[in-house]
Structures are given as structure tokens and as C-alpha cells.
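Thanks for coming, everyone. Let me put the structure up, and then I will walk through a few places in it.

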Amino acid sequence: MKLGLLSAILDGWSFEEMIDVVSDMGFSCVEVACWPQGKAERRYAGVSHIDVEHLDAKKAEEILAYCREKQVEISALGYYPNTMDADLEKREACIRHLLKVIDASALLSVNMVTTFIGRDQYKSVEENLELVKEIWPPILAHAREKGVRIAIENCPMLFGEDQWPGGHNLMTSPANWKKIFEILPDDNLGINYDPSHFVWQMMDYIKPLYEFKDKIFHVHYKDIKLYGEKLKQVGTMAYPLEYMSPKLPGLGDVDWAKYVSALTDIGYEGCTCIEVEDKAFEDSRERILDSIRLSKRYLEQFVI
């Protein structure tokens, strides 16, 4: 396995500065955030270390040359929008940019895009599955034509009032994965596996690694801390951030030894990227860098 970083935490760093951080800290790979330029949607989103809208062969070679010089592999281009947004204009814009990210991934010979399947937050699971049938086959066909694999992260994107009641991502559980893979049996559709979201949904995050081992294209390392007393007060129907918070790996409730052990059991040898989302480490650029150092130091017990 290769240990890397999702670049979204390095908002405000240029591409070269971001790669320098990744290289200097000894990471072997990086998942590069590729949102539209200057259009932050939410915390950790809107970060764009590669401008896919204006990427051409010359710029792509410059990017790859810099990565070779710094001995850093790009594991994937990451863009996490809601391609099934209830607002049709927003939906169209998300899909249009996702197609650009797919094109860029092919041009850079990365051949991997990490994203969400999306969800209309006001519709039922069954209604959203019908939307999947409508929206995703053309996206996957385009990706297949370009030789690009799509790895869907399992984050529900349901944290607060603006995402209530259904959240912005349907591919949140093994049960939903099965339904979506039946609708979309494409070989180039898989999972960007994040154990933290299983924790606050009260699900087993180890067993699905074995069941879906052939569909795991990319891996995230992020932790979640549950606050038991708060959960007793508000219950699981409350906004999730009322009873949990994202933390650095090792500071939450994921059993990382068991998780990485299971990855080795299934023979996973791909990229595994730290996703830093911890408000306790966002006071300054130096604290952000500290959060990355601490995360890497912890995970090097299991992944070198």
C-alpha cells in the first residue's frame, strides 16, 4: 500500500507548494482536489490544485514533470459534488465539471477520479435509484471511453440543516452499494473506502472490505469521534454533527490496526490517502501542517 494525502486540507497552497509539502513529509502519493476555480461550496470543498477547465497537454506534462521530480504519484483527481442535486442547474454544472475532471485524469494518465454518486436530498432512496439509472450511465460511458475508473466515497454528506433530510450522497452503505452496482455493473465503477462514516452510522466497517474487495479502488484514512452522552440526548435522528465530529486518524473511534489488517488480508496494494478534517487543527497554516504530520506519524505504525 502507498501512503498519501488528500490535498483539500492545503487550501491556499499552489499546486507546487502542495506537492512540496507532500514530498517533504515523505508521502508517496496525493489525491489532488479539483473543484471549479474559486467556487467554494462548503468546508474543505472548492479547493482546486489543478485547473481542469484549462488543462492542456503542455500543462499536464509540466504537472507530471514536477511530480516526478518530487517523487510523488497522483493517486486520483478528487471532486465531490452532488451530481443528483434537486436544483437542475446545479446538477448540470456538477456533471459538466465532473466530465472535465475525468478528461483531466486521462490526460495526466492518472486514470482515477474520486467523487460522490450524489442524491436528491428531498427524494426517497427508491426515487434516487431511478435518478442513478438516468444520470450515471453516460458519465460512466465517458469515463470508460477515456480509460478512467470512478471511485465513489461512502460519505452520506448529511451533517447539518442544509443537507437535511436525505444528504447529498446515496452510496452510503453496503446495502445501497449492492443496489447501485446492480444498476451500474460497470467495471470502472468502484468505492473510495472511508471507515469513519461507518462509525457514526453504527455500521461494521471491517466486513464490507472482504465482501467488496474487488470494488475497492481507493482508500481514505479519516477518523470520527462519537460523543456518547450527546448521542443519548439527541438520538440518531439528530443532525450528525450534534453527536460526532471528524478527527485525525488515531484521535477517534476507528480501530486502525484492524482496518489496515483487513486491507492486507484482501491484498489491497493501491493508494491510501489521509483525509484531514479536524477543527482542532485549523487555527493557522502551521497547525494544518502539524495535523498532517501527526496523522502520518500515527498511520506509519501500519503503512510505510
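Ground rules. This is a predicted model, in which local features need pLDDT of at least 70 and side-chain atom pairs count only at pLDDT 80 or more, while totals for chains, interfaces and linings use all residues. Residues are numbered from 1 along each chain as its sequence is written, and side-chain values use heavy atoms, with hydrogens and water left out.

A word on labels. Helices (H or I, at least four residues) and strands (E, at least two) are DSSP runs, numbered from the N terminus. Buried means under 20% relative accessible area, exposed means over 50%, and partly exposed is in between, with a 1.4 Å probe and protein chains only.

Helix α2 comes up now. It covers residues 57-70, which is 14 residues. From its first C-alpha to its last, α2 reaches 20 Å, close to the 20 Å expected at 1.5 Å a residue. That expected span is 1.5 Å times one less than the number of residues.

Which residues of α2 are buried? They are A60, I63, Y66 and C67. Looking down the axis of α2, these buried residues fall within an arc of 130°, so they line one face of the helix. The arc is that of the directions from the helix axis to the C-beta atoms. On the face turned away from the buried side, α2 carries the exposed residues A57, K58, R68 and E69.

What do the buried residues of α2 pack against? The partners are α1 (15-24), β3 (73-78) and α3 (88-107). Contact here means heavy atoms within 4.5 Å. Just after α2, Q71 takes a positive phi of about 60°.

On to the strands. β5 (149-153) and β6 (189-193) run parallel, joined by 4 bridges. Two strands pair if DSSP finds at least two bridges between them. I152 has I191 as its bridge partner in β6. Together, β5, α5 (174-183) and β6 make a right-handed β-α-β unit. Right-handed means that, with the strands pointing away from the viewer, the path from the first strand over the helix to the second runs clockwise.

β6 also pairs with β7 (residues 216-221): 3 bridges, again parallel. There, Y193 stands opposite V219 in β7. Is β6 enclosed or open? 5 of the 5 residues of β6 are buried, so the strand is largely enclosed by the rest of the structure.

Now the loop between β5 and α5. N154 is placed there. It is buried, at a relative accessible area of 0%. A polar atom of the N154 side chain lies 2.9 Å from the backbone oxygen of D194. For a polar contact, I mean a pair of N or O atoms within 3.5 Å; within protein, one must be able to donate a hydrogen and the other to accept it, and residues adjacent in sequence count only if both atoms are side-chain atoms. M157 is buried, with a relative accessible area of 6%. P165 lies in the loop between β5 and α5 as well. The peptide bond from W164 to P165 is cis, with omega near 5°. For context, most residues other than glycine have a negative phi, and most peptide bonds are trans.

M202 is another positive phi in a residue other than glycine, near 60°. It lies in the loop between α6 (196-200) and α7 (207-211). M202 is partly exposed, with a relative accessible area of 43%.

Last stop, helix α9, residues 256-265. Its buried residues are W256, Y259, V260, A262 and L263. Down the axis of α9, they fall within an arc of 155°, so they line one face of the helix. The face turned away carries the exposed residues K258 and D265. The buried residues of α9 pack against β6, α7, β7, β8 (223-226) and α10 (285-299).

What caps the N-terminal end of α9? D255 does: a side-chain oxygen lies 3.3 Å from the backbone nitrogen of A257. After α9 comes G267, with a positive phi near 75°.
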